[in-house]
Amino acid sequence: MTASPRRASEGDLDGVIRVFAEAFARDPMITWPLPPGPTADAVVSLFGVLIREAYAGLDVIWVAGDEDVDAAAVWLPPEQVVRFDEVEAATRPKIAALTDDGGARYDAFWDWLGGHLPDEPCWFLDILAVRVAARGRGLASALVRHGLERAHAARLPAFLETGNPANVAMYEHIGFRVHERADAPGGGPTIWFLRADPA
């Protein structure tokens, strides 16, 4: 059975952090700015900062699962997208401590990513993940469609980025289209930028 997405509560946050850390443990968008071969603890710490200090207070985290947090998404509505740089920048001092270059590679990468956000109002799917043991139950699709419905009801596009080529087909199946494919500066990963426009 697939549970409908619900807003994350304070009690869900540890589960959200674990789901994201598990899913992104080897994802180039997360691992490239960190020291080579980052530990699981480093990835958990990074998501702990992002979730607790950037997103928890914005009411933008959604979870799905029958009982536990089996899947989670961060969907930023337009009024939060315009604050994205401010919110993300506030996490950088603590994330810099997880790097081996004072956060220089992380800062350059996320500045570059932020420069690819659409100029017009949009909904932004910033993070999406499903626990390995819960995959194949439609939880990712439910979380993506949940945000898409809100974006399209407002006649606005939705936007996301991924560094995992295996994710592109899944997003395209749900209604996104590749808007741009680009290599991050400084030898960073290839990133696919996708958007879904209202019908």
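**Spaces, cores and backbone angles**

Author: A search of the whole structure finds 1 cavity of 30 Å³ or more. On a 1 Å grid over the protein atoms alone, a cavity is a set of points where a 1.4 Å probe fits but cannot get out, whereas a pocket is an open set with protein on both sides within 12 Å along at least five of seven lines; lining residues have an atom within 4 Å of a point. The model is predicted, with local features needing pLDDT of at least 70 and side-chain atom pairs counting only at pLDDT 80 or more, while totals for chains, interfaces and linings use all residues. Residues are numbered from 1 along each chain as its sequence is written, and side-chain values use heavy atoms, leaving out hydrogens and water.

Reader: What volume does the largest cavity have, and which residues lie nearest its centre?

Author: A volume is the space filled by probe spheres set on the grid points, which are joined across faces, edges and corners. For the largest cavity the volume is about 270 Å³. Its lining has 21 residues, and F24, M29, W110, D126 and I127 lie nearest the centre.

Reader: Which element gives the most to the lining of the largest cavity?

Author: Helices (H or I, at least four residues) and strands (E, at least two) are DSSP runs, numbered from the N terminus. Strand 4 gives the most to the lining of the largest cavity, namely 4 residues. By class, this lining has 14 nonpolar, 3 polar and 4 charged residues. Here Ala, Val, Leu, Ile, Met, Phe, Trp, Tyr, Cys and Pro count as nonpolar, Asp, Glu, Lys and Arg as charged, and the others, Gly among them, as polar.

Reader: How many residues line the largest pocket, and which lie nearest its centre?

Author: The largest pocket holds about 500 Å³ of space. There are 23 lining residues, with A23, V130, R135, N164 and N167 nearest the centre. Helix 9 supplies the largest share of this lining, 4 residues. The lining divides into 14 nonpolar, 4 polar and 5 charged residues.

Reader: How much space lies in the second largest pocket?

Author: About 170 Å³ lies there. Its lining includes P78, V81, D85 and C122, and the classes are 7 nonpolar, 1 polar and 3 charged.

Reader: Which residues of the largest nonpolar core touch the most other members?

Author: A nonpolar core is a set of buried Ala, Val, Leu, Ile, Met, Phe, Trp, Tyr and Cys residues joined through side-chain atoms within 4.5 Å. Buried means under 20% relative accessible area, exposed over 50%, and partly exposed in between (1.4 Å probe, protein chains only). The largest core has 46 residues, of which F20, F47, I51, Y55 and V74 touch the most other members. Helix 3 provides the largest share of this core, 8 residues. Leaving aside neighbours within four places in sequence, F20 is in contact (heavy atoms within 4.5 Å) with residues including F47, I51, V74 and L128.

Reader: What is the phi of D59, and where is the place of D59?

Author: Most residues other than glycine have a negative phi. D59 has a positive phi, near 60°, and sits in the loop between helix 3 and strand 2. D59 counts as partly exposed because its relative accessibility is 43%.

Reader: Is R155 buried or exposed?

Author: R155 counts as exposed because its relative accessibility is 55%. R155 also has a positive phi, about 60°, although it is not a glycine, and lies in the loop between helix 8 and strand 5.
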